[in-house]
Amino acid sequence: MILTDTALAKRLQENNPVKVAMVGAGYMSQCIAMQIIQATPGMRLVAISNRTPSKAEQVYRDSGVTETVRATSAAALELAISQNKYVVTDDPSILWDAGSVECVIEVTGDPEFGTRVAYNALRNGKHVIMLNAEVDASVGCILKTYADTSGVVYSYTDGDEPGVMMNLFRFVESMGCQPMLVGQLKGMLDRYRTPATQQEFAQKFNVNAAIVASFADGSKLNLESAIMGNATGFSPAIRGMNGYPCPHVNDLMGKYGLADFASGGLVDYVLGAAPHTGAFVMCYNEQPMRGKLLAYLKMGNGPFYMFYTPYHLPPMQLPHSVARAVLFNDPTITPKGAPTCDTIAYAKKDLKVGERLDGMGGYTNYGVVDRYDTCRKGNFVPMAVSLDCVMTR
């Protein structure tokens, strides 16, 4: 943020704001639009694409934009941008066909559609910021190769736990310490939550009950853990991770010894631990002088040290990822290479032949992360693409 706000201020002064477009018009999109339009000088949300354009118009209205225009071509979008107008459309292709658009934000949560959006945007030279864990956890490593070919950034977002973790990861490495364990703080976990059990909470905040259920049943947690693993080269110690219950995230250091990392770094989560939200990186240091300094700075006596961020604010922090991509060609968190993790579908109940899986946060299955080579060898169904799969036995 320290660099991006200065760089955005320069773009504002030059009357050349970062021009970003968004695909999706749900609750998270509403929050992102509000943040860009009301609180991010030097960045302009020029267009929103949604299959129901009226919802995109409502997103703009909720952010204080009183007038929008509809466009059906890249040329019409370009004209509107030149006139400082805000555009809604049901055709996402005009976003990546328009030369003025520098970055596309994908916020639909739909694995197949989100993949097509990201692929086409990257192939057309647009930076892509994802708030779609289903896509990044399943095909992010592939999309990264297209980004590299086009010379643009493919990144998951700051503010969601993977991005928060990666900021810590880079910070810890910059101090000369070795990251060993990465993950997030999880308040509660019940694998068998469904849209029915989460309906009251969802209505209270006007969000989709299945999305809320995907948080409670751990599917989103495990998808995000796969994103963390693929970005760092780490993997879970066991299928689904250990998820130790602890009073405080610092207590997690007592659960691990050096022998646990013989095969490399690990991704995990801590359950019910204060401060109850955010992400962490546990690192190792054996350099005596650095260890003495860390003790003096009240970080403990080592050799393990815990760094954590006690919050995650995806819609508020996502513009930072846009700015980093466009202005510095710097991804917040992107796959490191070939995948090390995948998230597979597990049954929530006895499933009958012919029964159709209902995907993230549904009644039929939940997701658990495992090592990618294990998933491939077992030919398991990835959680992100389980929707509408039909049981054959």
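## Terms and model

Contact here means heavy atoms within 4.5 Å. The model is predicted.

Strand β10 (residues 266-271) pairs with β8 in the parallel sense. Six bridges join these two strands.

## Seven-stranded sheet

A second open sheet listed here has seven strands. Their order is β3-β4-β2-β1-β5-β6-β7, with parallel pairing. At the edges stand β3 (68-70) and β7 (154-156). Each has a single partner strand, so one side of each has no neighbour in the sheet. From one strand to the next, the twist averages 25 degrees.

Strand β6 (residues 127-130) runs parallel to β7, and three bridges join them. Valine 128 has tyrosine 154 of β7 as its bridge partner.

Helix α7 (residues 133-150) lies across β6 and β7. Its direction is at about 160 degrees to β7. Helix α13 (residues 314-328) also packs on the sheet. Helix α13 touches β1 (18-23), β2 (43-49), β5 (103-106), β6 and β7. The directions of α13 and β6 make an angle of about 160 degrees.

## Aromatic pairs

With ring centres required to lie within 6.5 Å, the count comes to 11 aromatic pairs. One of them joins tyrosine 192 and tyrosine 366. Their ring centres are 6.0 Å apart. The planes stand at 85 degrees, so the pair is edge-to-face.

This pair links distant parts of the chain, 174 residues apart. Tyrosine 192 sits in the loop between β8 (178-186) and α9 (199-205). Tyrosine 366 is in strand β14 (residues 365-371).

## Second largest pocket

The second largest pocket has a volume of about 410 Å³. It is lined by 19 residues. Closest to the centre are Ala345, Leu351, Leu357, Val381 and Met391.

Strand β13 (residues 341-347) gives the most to this lining, with four residues. By class, the lining has 11 nonpolar residues, four polar and four charged.

Notes:
Residues are numbered from 1 along each chain as its sequence is written. This is a predicted model: local features need pLDDT of at least 70, side-chain atom pairs count only at pLDDT 80 or more; totals for chains, interfaces and linings use all residues. Side-chain values use heavy atoms; hydrogens and water are left out. On a 1 Å grid over the protein atoms alone, a cavity is a set of points where a 1.4 Å probe fits but cannot get out, and a pocket is an open set with protein on both sides within 12 Å along at least five of seven lines; lining residues have an atom within 4 Å of a point. Grid points are joined across faces, edges and corners, and a volume is the space filled by probe spheres set on the points. Ala, Val, Leu, Ile, Met, Phe, Trp, Tyr, Cys and Pro count as nonpolar, Asp, Glu, Lys and Arg as charged, and the others, Gly among them, as polar. Two strands pair if DSSP finds at least two bridges between them. Axes are lines fitted to C-alpha atoms, for helices over the stretch in contact, and angles run from 0 to 180 degrees between N-to-C directions. Rings of Phe, Tyr and Trp (its six-membered ring) pair if their centres lie within 6.5 Å; planes under 30 degrees apart count as stacked, over 60 as edge-to-face and the rest as tilted.
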